[in-house]
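Visitor: I'd like to learn how to read a few features of a structure, one at a time. Could you walk me through this one?

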Amino acid sequence: MGKIKLMVKKIAILCDLNISSGLGHFSRMKNLSNIFKNKNIKCFFLFNKKDKKFVNNYSKNLNLIFFSNHNQYNNLKKIIKKNNFSILIIDSYKNTFLLEKNLVIEEIFVVSIDDHLRDHFSNIVVTNRNLENNFFKKKKNQIWLSGNKYILVKKNNDKINKSKFIFNRKNLLLHAGGSSLYENIKEFTISTLKAVDRYDLEASVICTSEKAKVFIKKLLKKNNISSKIKILPFINNLSKKVSDYDLVAGPMGTTTLEAISSGVFPFS
């Protein structure tokens with residue numbers, strides 16, 4: 001690994017950033033790119049052209065390269081070779097393992113960020129999950145980096161106000177991942193909203209789509225929940241603002257990990 005570090009000059013990062021994925025993948029890759037920047041290693045983000053308008057809203061001062069969705073593999077291969085990237089990091093739910101396999105065959109060094117312990121062809125796979133013994137057969141010369149120390153979130157060093165945390169815990173943030181699929185966690189969502197109403201909490205609900213917004217409003221009406229709840233289309237720089245909340249509720253993912261890192265109490 002030491003030899004690899006010395007050789008690295010430029011890194012390409014392929015991650016999700018669009019209206020359906022939200023900001024989680026981009027947030028942790030942006031944090032990682034800042035660490036590389038401090039080590040004088042340049043990072044370039046690779047995004048699909050069809051998401052360009054959305055991407056430009058969140059990518060100020062970053063190095064961007066857009067690729068065509070048509071024949072994605074060939075486009076990415078050309079970009080990586082033309083720009084002489086040492087490593088490609090993939091953090092995307094749209095990651096096709098055929099893409100990994102073909103790039104590795106082309107002797108492009110690939111690192112995959114994994115949230116669900118899937119089978120990969122990458123040279124290195126990074127996951128915050130704990131691996132079960134022999135849960136699948138690793139590829140030859142493939143390295144897996146696993147466990148809590150590989151949670152790729154920015155540590156919040158702000159001093160936590162313990163008296164506020166213990167005695168005035170009343171500001172809650174509810175989310176359903178980047179796509180705001182509350183229908184997939186319906187019972188959890190209803191229970192959370194009822195708790196907000198019962199204990200008179202302040203609450204904000206992230207709805208990244210009109211569909212999610214309509215779904216939440218219907219749940220509030222159907223369950224006769226009267227609390228004043230803010231519905232937010234998204235929260236820019238969520239990793240920095242999550243510490244403004246006392247409770248974070250939602251599925252396990254980047255937002256939950258950022259809450260833990262910020263000293264905010266999560267339930268999932």
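Visitor: Let's start with a single side chain: is aspartate 16 buried or exposed?

Guide: Some ground rules before that. This is a predicted model, where local features need pLDDT of at least 70 and side-chain atom pairs count only at pLDDT 80 or more, while totals for chains, interfaces and linings use all residues. Residues are numbered from 1 along each chain as its sequence is written, and side-chain values use heavy atoms, with hydrogens and water left out. Now the general idea: buried means under 20% relative accessible area, exposed over 50%, and partly exposed in between, with a 1.4 Å probe and protein chains only. Aspartate 16 has a relative accessible area of 6%, so it is buried.

Visitor: Where does aspartate 16 sit?

Guide: Helices here are DSSP runs of H or I with at least four residues, strands are runs of E with at least two, and both are numbered from the N terminus. Aspartate 16 is in the loop between strand 1 (10-15) and helix 2 (24-38).

Visitor: And which side chain does aspartate 16 join in a polar contact?

Guide: A polar contact is a pair of N or O atoms within 3.5 Å; within protein, one must be able to donate a hydrogen and the other to accept it, and residues adjacent in sequence count only if both atoms are side-chain atoms. For aspartate 16, the partner is the side chain of serine 92, at 2.6 Å.

Visitor: Aspartate 91 lies in strand 4. Which residues is it in contact with, leaving aside neighbours within four places in sequence?

Guide: Contact means heavy atoms within 4.5 Å. With those neighbours set aside, aspartate 91 touches Leu14, Cys15, Asp16, His25, Arg28, Met29 and Ile113. Its side chain also makes a polar contact of 2.6 Å with the side chain of arginine 28. As for burial, aspartate 91 has a relative accessible area of 0%, so it counts as buried.

Visitor: What about aspartate 51?

Guide: That one lies in the loop between strand 2 (42-48) and helix 3 (52-56). Aspartate 51 is buried too, with a relative accessible area of 14%. Leaving aside neighbours within four places in sequence, aspartate 51 is in contact with Leu17 and Asn18.

Visitor: Let's move on to a whole helix. Which residues of helix 5 are buried?

Guide: In helix 5 (residues 97-105), they are Leu99, Glu100 and Leu103. To see how they are arranged, look down the axis and take the arc of the directions from the helix axis to the C-beta atoms. The buried residues of helix 5 fall within an arc of 100°, so they line one face. Leu98 and Ile105 are exposed on the other side of helix 5. The buried residues pack against strand 1, helix 4 (72-82), strand 4 (87-91) and strand 5 (109-114).

Visitor: How do helix 4 and helix 5 cross?

Guide: Axes are lines fitted to C-alpha atoms, for helices over the stretch in contact, and angles run from 0 to 180 degrees between N-to-C directions. The axes of helix 4 and helix 5 come within 11 Å and cross at roughly 40°. Angles under 35 degrees count as roughly parallel, over 145 as roughly antiparallel, 65 to 115 as roughly perpendicular, and the rest as oblique. Helix 4 and helix 5 are therefore oblique to each other. On the residue level, Gln72, Tyr73, Leu76, Lys77 and Ile80 in helix 4 meet Leu99, Asn102 and Leu103 in helix 5.

Visitor: Can we try helix 7 and helix 8: at what angle do their axes cross?

Guide: At roughly 55°, with the axes of helix 7 and helix 8 (residues 210-222) coming within 11 Å. That makes helix 7 oblique to helix 8. On the helix 7 side, the contact is made by Lys186, Thr189, Ile190 and Leu193, and on the helix 8 side by Phe215, Ile216, Leu219 and Leu220.
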